[in-house]
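Subject: Structure for your files

Hello,

The structure is handed over below. My notes follow it.

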Amino acid sequence: NSVDNVRDLREDVVYTPACTRYKVYIIDEVHMLSAGAFNALLKTLEEPPSHVVFILATTEPNKLPATILSRCQRYDFRRITSGGIAARLHTICTAKGVEFEEEALHLIAGISDGALRDAISILDQCLSIGNGKLKYSDVISITGMADKQIMSLFADSLIEQNISKIISLVNQIAAEGKDISQFISSLILYFRDLLVCKLIGESPVLSNVLDVPSEILKTMNSEAQRLAKDEIVGILNELSDLESNLRWLSHPRISLEISLIKICTKILTQKSEPTYQIMDNIQPMYDQKPQCTVGSPVEQNIDITVAIWDNVLKELNKAGKNPLCSILRTAEIVNLNENCIGIVLPGNEGANKQIISQHDNIKLLENILKRELQGKDIKVKCLIKDDLKNIKKSIS
């Protein structure tokens, strides 16, 4: 990457190749060249000999000088899809006369993460112990991965908050000699797939995004529906924190058990939160010009006058929460109980409900209301119309 290296190269390029049409120079990780080396190479790139081709390879094209980029044709290489890798492995196995399980090919393709060379290397290792046969179990054994069935058992145990089953499964993983770090990584990927299932739903696009067998996809869809989106995100955050701190931990297995128990506890806490008691005569409590009408507040309940709610919206604007303010302008405010109000969104705006329900947004609303109501603590809960209908039905 020095100027001297580039000068040597410039002296070599003038000689024609002995037995081929072109001389091809591949400079790998070209972004590592010094500024002086780039300047020394620039003239040669501007007017290369007709028999010379330069290939500049880099993973960070943004670090290349504009003077270099402007003199090159750019080709971006991307990861190969899991389906494409599995198809190539299928071709290789067929050409070699190797018996194989389709699940094994898909597992190798998923592990290789878009790199065909890695996939072929794993295939060779599996064939070396499989007597010419490629089995799903051999791939699991060679790579140290935990299969989808184990992942599914962990997911079910977390959903059911079955701590004893979780401890038993962790013990099984350890007894099989699985690497804890690798297992945590696999668990993160599995819950990431569950999040995708939750967000996309049972759509034809889903099978292309996840690229897993239909039986496994059906199981994952079922598990995803048993968890809320926020719960899956919370699980991913907890596991990601554990993975990033694992190198500093003396007892990875114990740390994994503690993290999984914490996840169970959080899910249990969220599912056991008491619902607010709603008064029979739920009434709108502010006039949202012009979409809401002012209803007389219920006796002994919170009086949110129009002026106060207008001030809340103004404070949100000042805090730079313009999108949040826009959503709230379409909502109704209702009394939930003596110390709690509900923000009711029209229709079935699940996405907007998730935005308002974020902890920081709810806290900001509660703080503004506290100031406007001279220090009175008010809880805020976001609802959609369907929530309100269910609440009314449960009361009647």
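This is a predicted model: local features need pLDDT of at least 70, side-chain atom pairs count only at pLDDT 80 or more; totals for chains, interfaces and linings use all residues.

Residues are numbered from 1 along each chain as its sequence is written, and side-chain values use heavy atoms, with hydrogens and water left out.

Overall, the protein chain has 19 helices and 7 strands (DSSP runs numbered from the N terminus: H or I of at least four residues for helices, E of at least two for strands). Of its 396 residues, 38% count as buried (buried is under 20% relative accessible area, exposed over 50%, partly exposed in between; 1.4 Å probe, protein chains only).

Aromatic pairs: the whole structure holds 3 (rings of Phe, Tyr and Trp, the last by its six-membered ring, with centres within 6.5 Å; planes under 30 degrees apart are stacked, over 60 edge-to-face, the rest tilted). In one of them, the ring centres of Phe154 and Phe183 are 4.9 Å apart with planes at 55°, so the pair is tilted. Phe154 is in helix 8 (residues 148-159) and Phe183 in helix 10 (residues 180-200), so the pair ties together parts 29 residues apart in sequence. Phe154 is buried at 0% relative accessibility, and Phe183 is buried at 2%.

Salt bridges: the count is 10 (a side-chain nitrogen of Lys or Arg within 4 Å of a carboxyl oxygen of Asp or Glu). Glu160 pairs with Arg226, with the closest N and O atoms 3.5 Å apart. Glu160 sits in the loop between helix 8 and helix 9 (163-175), and Arg226 in the loop between helix 12 (214-225) and helix 13 (229-245), 66 residues apart. Both residues are also linked with Asp156 in a network of salt bridges. Glu315 and Arg371 meet at 3.7 Å, N to O; Glu315 is in helix 15 (residues 306-318) and Arg371 in helix 18 (residues 359-372), 56 residues apart. Glu315 is partly exposed at 25%, whereas Arg371 is exposed at 54%.

Regards
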